[in-house]
Every structure is written in C-alpha cells, then in structure tokens.
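Subject: Structure handed over, with notes

Hello,

Here is the structure I said I would pass on. Please open it first and then read the notes below it.

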Amino acid sequence: AMTEQQLSAAGFTPLPQIGGRAILEEYQRGTNRILDLCYGALDAYWDRPYCKQENGSLQIFVNEPEGYLALPPTGGDFHGGIARLQKLFRAAGEPIYAGYFTAEQAQASGLAMDCDERFGDYICKREELTALTWKYKHKTADYNAFVRMVSPRAVPVSPAVFEDCRAVLSNWCANRNCADCLFLCEKDVLERYLLHMEHNGMRGLLVYDGKMPIGLLLYYEAPNMLFYPFCKTDKRYNGLSVWLYVEAARTCASEYVNLGSDGGIAGLKRFKDKFRPYEKVNKFFTKL
C-alpha cells in the first residue's frame with residue numbers, strides 16, 4: 001500500500017489538524033451520503049491523514065497498519081478523482097487499497113469492489129427520531145422505561161467532566177475482551193476525541209444517575225448529517241442509549257442522523273435495526 005514517501009512525492013500533504021475540518025466540510029457540503037467519516041472521527045481514528053486538492057475534488061489517504069488507504073474522492077469532480085487515483089496506483093507499481101465507498105460511489109467508480117457489511121451505517125430522519133413517531137414504538141418503550149427508572153441529568157461534555165467521561169468508558173470496558181474492538185483501543189480513541197474537541201467539532205452529552213456517570217455520547221453535526229461515532233453506556237440501564245440518541249438529536253438541525261455502524265456485532269445490529277432506519281448504507285472496498 002502507499003507510504004508517506006510515495007504520497008509526498010505525488011504532492012500530498014498532511015491534513016492540518018487546525019483547519020482540516022473546514023477543508024473537509026467544504027468539499028462534503030451538499031453530498032447526500034457522507035457515511036460516518038465526519039472530521040471528528042477522521043481525527044480520532046487516524047493520526048496522520050494525507051490530502052490533496054485538485055481540479056475540484058479532495059483526495060484523502062488514511063494510515064492503516066498495512067499502509068495508507070484511499071478514501072473516495074470528495075467534491076464535484078468524482079470521476080476525475082477516480083482517474084487520478086488510478087494514475088497514482090499505476091505509478092506506485094504495487095497494490096493500492098481504497099475503501100469506505102457507498103454503493104453509488106462504487107458503481108460510479110467503475111472499479112470492482114467488495115461490500116463489508118460490518119461497516120454499514122444506519123441513517124434515520126432526525127424529525128422522526130426526535131418525535132419518537134410510530135416507527136420507533138420499540139425504542140419509545142425503551143426511552144420511557146429509562147425515564148421512569150432514572151431522573152437523568154445530562155451535561156455537555158467539557159474539560160470539567162473529562163474524568164467522568166473516562167469513568168463511563170472504564171465501566172463499559174470492564175467485562176469486555178479488548179479483542180472485540182475492531183479498531184484502536186477505545187480508550188485511545190476517547191482521548192483523541194476529548195483532547196482535540198477545541199478543533200475537531202465534536203460535542204457530547206454525559207448522563208448521570210445522581211452523581212454517577214452512566215452514559216456518554218459524542219456527536220458531530222456536518223452541513224447535512226448528524227453523526228454518532230462514539231456512544232458508551234452502563235448496560236444496567238435499559239433505554240439509556242435510546243435516550244441519548246434522541247436528546248442529542250433535539251439539540252441539532254440536520255435532516256438526517258447517522259447512528260453509525262454495527263461493527264458486525266449481532267446485538268448492536270439488532271439494536272440499530274429496531275430504529276427502522278430510513279436507509280442502511282453499506283461500505284465498499286477495493287484493491288487495485
């Protein structure tokens with residue numbers, strides 16, 4: 001796969017930590033399906049993305065253990081971006097990996113791609129979610145059960161409550177195997193989310209039962225989509241995740257809410273399927 005040296009030689013530069021969000025959102029503006037690669041997640045899961053702006057499109061590579069992975073070209077010149085990727089791949093003289101394409105992008109690219117359903121995004125309409133319409137009768141029951149059990153107190157995430165955010169994650173980790181996490185250690189990911197909040201655009205809700213922190217949702221509002229890339233709750237509280245999803249959506253104005261992927265975890269898939277999503281958007285990957 002691509003190396004930093006190859007990307008630098010091709011004119012790519014590191015996506016700036018200060019200002020990178022504005023660059024990405026400018027190219028994403030007006031895009032119908034961004035998947036869950038909002039800037040906040042990009043900043044938390046990959047420590048050194050490389051980017052290049054050329055002829056109306058933005059190309060980003062993110063660092064994976066095997067080398068750099070190309071994300072779909074973003075902006076108005078998608079086909080031109082694909083052509084430039086193919087040229088770059090031919091010049092590299094070795095297999096290059098690309099991923100996180102929607103089905104529409106995969107088809108439009110003309111490249112042979114495989115779907116990895118573990119990374120499918122569950123997308124709901126925010127207005128329906130916040131109103132808890134008839135579509136969400138199962139989740140409405142969970143929401144009401146939680147409110148009857150607890151008088152939840154939610155506070156915005158800020159440096160003053162970072163330790164309580166970490167406590168929620170430590171409790172979540174306690175009875176789990178580290179091998180179950182698909183990507184980085186969730187503790188490392190949370191640190192990046194929290195310590196970069198000044199520039200990564202993330203917001204959050206931390207929920208308490210009395211003085212005990214029991215749930216944390218970090219969310220990101222892009223021009224046309226609200227993203228939920230990080231949510232951890234105390235499993236003893238039925239309906240807590242639903243309550244967080246609804247209450248965070250009530251603070252925003254985006255038309256759609258991306259609940260994120262199920263990671264191939266059967267229980268999480270069942271949980272998100274019960275939201276009866278407006279759309280499930282799978283992701284596609286290729287090797288050239």
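Helix H11 (residues 240-249) is largely enclosed by the rest of the structure, because 10 of its 10 residues are buried. Here buried means under 20% relative accessible area, exposed means over 50%, and partly exposed lies in between, with a 1.4 Å probe and protein chains only. The buried residues of H11 include Trp 243, Tyr 245 and Glu 247. Helices (H or I, at least four residues) and strands (E, at least two) are DSSP runs, numbered from the N terminus.

Please keep in mind that this is a predicted model, in which local features need pLDDT of at least 70 and side-chain atom pairs count only at pLDDT 80 or more, while totals for chains, interfaces and linings use all residues. Residues are numbered from 1 along each chain as its sequence is written, and side-chain values use heavy atoms, with hydrogens and water left out.

Now the chain as a whole. It has 12 helices and 13 strands. Its radius of gyration is 19 Å, close to the 19 Å that the globule rule gives for 288 residues, so the chain is as compact as a globular protein of that length. That radius is taken over C-alpha atoms, and the rule is 2.2 Å times the number of residues to the power 0.38. Along the principal axes, the C-alpha atoms fill a box of roughly 60 × 40 × 35 Å. Of the 288 residues, 52% count as buried. Taking contacts between residues at least 6 apart in sequence, 72% join residues at least 24 apart; contact means heavy atoms within 4.5 Å.

As for charge, there are 34 positive and 34 negative side chains, and the centres of the two sets lie 5 Å apart. Lys and Arg count as positive and Asp and Glu as negative, while His and the chain ends are not counted. The place of a charge is NZ of Lys, CZ of Arg, CG of Asp or CD of Glu.

What does the inside look like? The largest nonpolar core has 45 residues, and Ile 60, Val 157, Tyr 193, Leu 206 and Leu 216 have the most contacts inside it. Apart from it lies another core of 29 residues, among them Leu 129, Phe 146, Val 207 and Val 246. A nonpolar core is a set of buried Ala, Val, Leu, Ile, Met, Phe, Trp, Tyr and Cys residues joined through side-chain atoms within 4.5 Å. Leaving aside neighbours within four places in sequence, Leu 206 is in contact with residues including Arg 153, Val 157, Cys 165 and Leu 216.

Two backbone angles deserve a look. Most residues other than glycine have a negative phi. Asn 55, in the loop between strand S2 (50-54) and strand S3 (57-64), has a positive phi near 50°. Tyr 100, in strand S6 (residues 97-101), also has a positive value, near 65°. Is each of them buried or exposed? Asn 55 counts as exposed at 59% relative accessibility, and Tyr 100 counts as buried at 6%.

Last, two strand residues. Cys 115 lies in strand S7 (residues 114-125) and counts as partly exposed at 34% relative accessibility. Not counting residues up to four places away in sequence, Cys 115 touches Asn 282, Lys 283 and Phe 284. Gly 260, in strand S12 (residues 256-261), is buried with a relative accessible area of 5%. The C-alpha atoms of Gly 260 and Gly 120 are separated by 7.6 Å, although the two are 140 residues apart along the chain.

Regards
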